[in-house]
Amino acid sequence: MNYPIKNFSWGSVSQMFGVNHDLYFDNFGIPGHNGIDYVDLYGTPILAAHDGQVTLISRDDPTRKNGNGIYIQGYDRENYIDTAYWHLSEITVTAGQKVKAGDVIGKMGNSGFVRPLPTPDNPQAGTHLHFGVRRIKILIPGVDTQIIPTDYKGFCDPTPFLYKGEKLPIRFNRDLFMGLGGDDVSHLQTCLKLEGFAKDYEPIGYFGNKTRRDVSLFQTKYGINPILGYCGTKTRKLLNEKYT
């Protein structure tokens, strides 16, 4: 999968997946942020991240928080996927249109629910692209598909689809263990996905039994002792060296 904007860098990411639990649980009924936010200039061209077909165009509406959006269904890395591009200022494709990776499909904007809110003095405030990914199960080839359900209404962490070995906009500054919550727990779970673990859940910002299991697998993989599933000094040091 390609990046959805040109000259992309992970330093332009303002929100990773699974963070900001209180805001998104209160406003959307999901446990955290269900995509990745990229910040750039208003009107920045938005690119199709993969080959596919535009399945839905959504328009800004007072009752809709995603603003102007595009949904593209396609096939990537042996998976069928559905990608979403929200908060656009302009849409340049139509429903049913086939696109290629890298095609311009719209322009970055601040429609829908954004922060900070646009004002008469700063009408471009809150400009960003929200990029989301849903995995798709094939029920009847060429006829019927189904979004694979997750805690995020079908959305999954886009990071493993986009990551190419770069440093991420995260940092592990405290020990993490059973019962803790927070954005850094979501970041840990994202890193565990990149390591090939955490296959049966999405980053949710809570350190439970599955996260402890996967931290133990990570420690085993890299020979970190003791193997307790506790993300302590040695585990954090390796994570920071590799990902931050």
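Guide: What follows is a set of questions about the terms used for this predicted model.

Visitor: Why is α4 called roughly perpendicular to α5?

Guide: The axes of α4 (residues 209-222) and α5 (residues 233-243) cross at roughly 80°. Angles of 65 to 115 degrees count as roughly perpendicular, so α4 is roughly perpendicular to α5.

Visitor: What makes the contact between α4 and α5?

Guide: The axes of the two helices come within 11 Å. Contact itself means heavy atoms within 4.5 Å. On the α4 side the contact is made by F218, Q219 and Y222, and on the α5 side by T235, L238, L239 and K242. By class, these are four nonpolar, two polar and one charged.

Visitor: Why is N7 called exposed?

Guide: N7 lies in the segment before β1. Its relative accessibility is 79%, and exposed means over 50%, so N7 counts as exposed.

Visitor: Why does K153 count as exposed?

Guide: K153 sits in the loop between β10 (144-147) and β11 (155-156). The cut-off is again over 50%. K153 has 60% relative accessibility and therefore counts as exposed.

Visitor: What is known about the largest pocket?

Guide: The volume of the largest pocket is about 460 Å³. It is lined by 26 residues, and those closest to its centre are Y24, H33, D37, F113 and H128. α1 gives the most to this lining, with four residues. By class, the lining has nine nonpolar, 13 polar and four charged residues.

Visitor: Which residues are closest to the centre of the second largest pocket?

Guide: The second largest pocket has a volume of about 340 Å³. Of its 14 lining residues, R135, P160, F161, K193 and K199 are closest to the centre. The elements giving two or more residues to this lining are α2 (159-162) and α3 (183-194). The lining divides into six nonpolar, two polar and six charged residues.

How values were computed: Residues numbered from 1 in each chain as written. Predicted model: local features only at pLDDT ≥ 70, side-chain atom pairs only at ≥ 80, totals over all residues. Heavy atoms only, no water. 1 Å grid on protein atoms, 1.4 Å probe; cavity = no way out; pocket = protein on both sides within 12 Å on 5 of 7 lines; lining within 4 Å. Points joined across faces, edges and corners; volume = space filled by probe spheres on them. Nonpolar A, V, L, I, M, F, W, Y, C, P; charged D, E, K, R; others polar. Axes fitted to C-alpha atoms, helices over the stretch in contact; angles between N-to-C directions. Parallel < 35°, antiparallel > 145°, perpendicular 65-115°, else oblique. Buried < 20%, exposed > 50% of the residue type's maximum accessible area, 1.4 Å probe, protein only.
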